Amino acid sequence: SDKSMAYDAFKTKYEAEAVELVKSKQPVDVSIPYDAAAKLAYEASDKSMAYDAFKTKYEAEAVELVKSKQPVDVSIPYDAAAKLAY
């Protein structure tokens, strides 16, 4: 700012303008459809099967992939910092 007004007046004006800017941008829908991943994978596929069958297979394979990664121990020992520093 050029500091041509007192800080309190500037702050009030700045905040009011910021609120109006945010209001002017609403509503913005940023939702993602539940089956977006399956749809994207289907679009990238050769489409040799119907979408419904593809989605069922895709979701089953995704579940199996997640299950195959478990359990993964991501715990950190209590004395890890001391061991690292040592």
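Which residue forms a salt bridge with D79? The partner is K83, and the closest N and O atoms of the two side chains are 3.8 Å apart, where a salt bridge is taken as a side-chain nitrogen of Lys or Arg within 4 Å of a carboxyl oxygen of Asp or Glu.

## Basis of the model

The structure is a predicted model, in which local features need pLDDT of at least 70 and side-chain atom pairs count only at pLDDT 80 or more, while totals for chains, interfaces and linings use all residues. Residues are numbered from 1 along each chain as its sequence is written, and side-chain values use heavy atoms, with hydrogens and water left out.

## Overall form

The chain has four helices and zero strands, and its elements run α-α-α-α from the N terminus on; helices (H or I, at least four residues) and strands (E, at least two) are DSSP runs, numbered from the N terminus. The radius of gyration of the chain is 26 Å, whereas a compact globule of 86 residues would have a value near 12 Å, with the radius taken over C-alpha atoms and the globule rule being 2.2 Å times the number of residues to the power 0.38. Along the principal axes, the C-alpha atoms fill a box of roughly 65 × 55 × 15 Å. As one example of separation within the chain, K55 and D2 are 53 residues apart in sequence and 58 Å apart in space, C-alpha to C-alpha.

Buried residues make up 6% of the 86 residues, where buried means under 20% relative accessible area, exposed means over 50%, and partly exposed lies in between (1.4 Å probe, protein chains only). The chain exposes about 8,100 Å², of which carbon and sulfur atoms supply 61%; accessible areas come from the Shrake-Rupley method with a 1.4 Å probe, and for residues only the protein chains shown count as cover.

## Aromatic pairs

Rings of Phe, Tyr and Trp (its six-membered ring) pair if their centres lie within 6.5 Å, and planes under 30 degrees apart count as stacked, over 60 as edge-to-face and the rest as tilted. By this rule the count comes to four aromatic pairs. One of them joins Y42 and F54, which are edge-to-face at 5.3 Å centre to centre with 65 degrees between the planes. Y42 lies in helix α2 (residues 36–44) and F54 in helix α3 (residues 51–68), so this pair ties together parts that are twelve residues apart in sequence. Both Y42 and F54 are buried.

F54 also pairs with Y58: the ring centres are 6.1 Å apart and the planes stand at 20 degrees, so this pair is stacked. F54 and Y58 are four residues apart in helix α3, a separation of about one helical turn. Ring pairs link Y42, Y51, F54 and Y58 into a cluster.

## Charges and salt bridges

The structure holds eight salt bridges. In helix α1 (residues 7–24), E17 and K13 are four residues apart, about one helical turn, and they form a salt bridge whose closest N and O atoms are 3.0 Å apart. E17 is partly exposed at a relative accessible area of 45%, and K13 counts as partly exposed at 44%. K23 and E20, which lie three residues apart in helix α1, meet in a salt bridge of 3.9 Å, N to O, and E20 counts as partly exposed at 48% relative accessibility.

In the bridge between D79 and K83, D79 counts as partly exposed at 33% relative accessibility, whereas K83 is exposed with a relative accessible area of 58%. A network of salt bridges links D35, K39 and K55; K55 lies in helix α3 and is partly exposed, with a relative accessible area of 21%. The mean positions of the 12 positive and 15 negative charges are 2 Å apart, with Lys and Arg counted as positive, Asp and Glu as negative, and His and the chain ends not counted; each charge is placed at NZ of Lys, CZ of Arg, CG of Asp or CD of Glu.

## Backbone details

Most residues other than glycine have a negative phi, and most peptide bonds are trans. In this model, a cis peptide bond joins Q70 and P71, with omega about -10 degrees, and P71 lies in the loop between α3 and α4 (80–85). K47, found in the loop between α2 and α3, has a positive phi near 55 degrees and counts as partly exposed at 40% relative accessibility.
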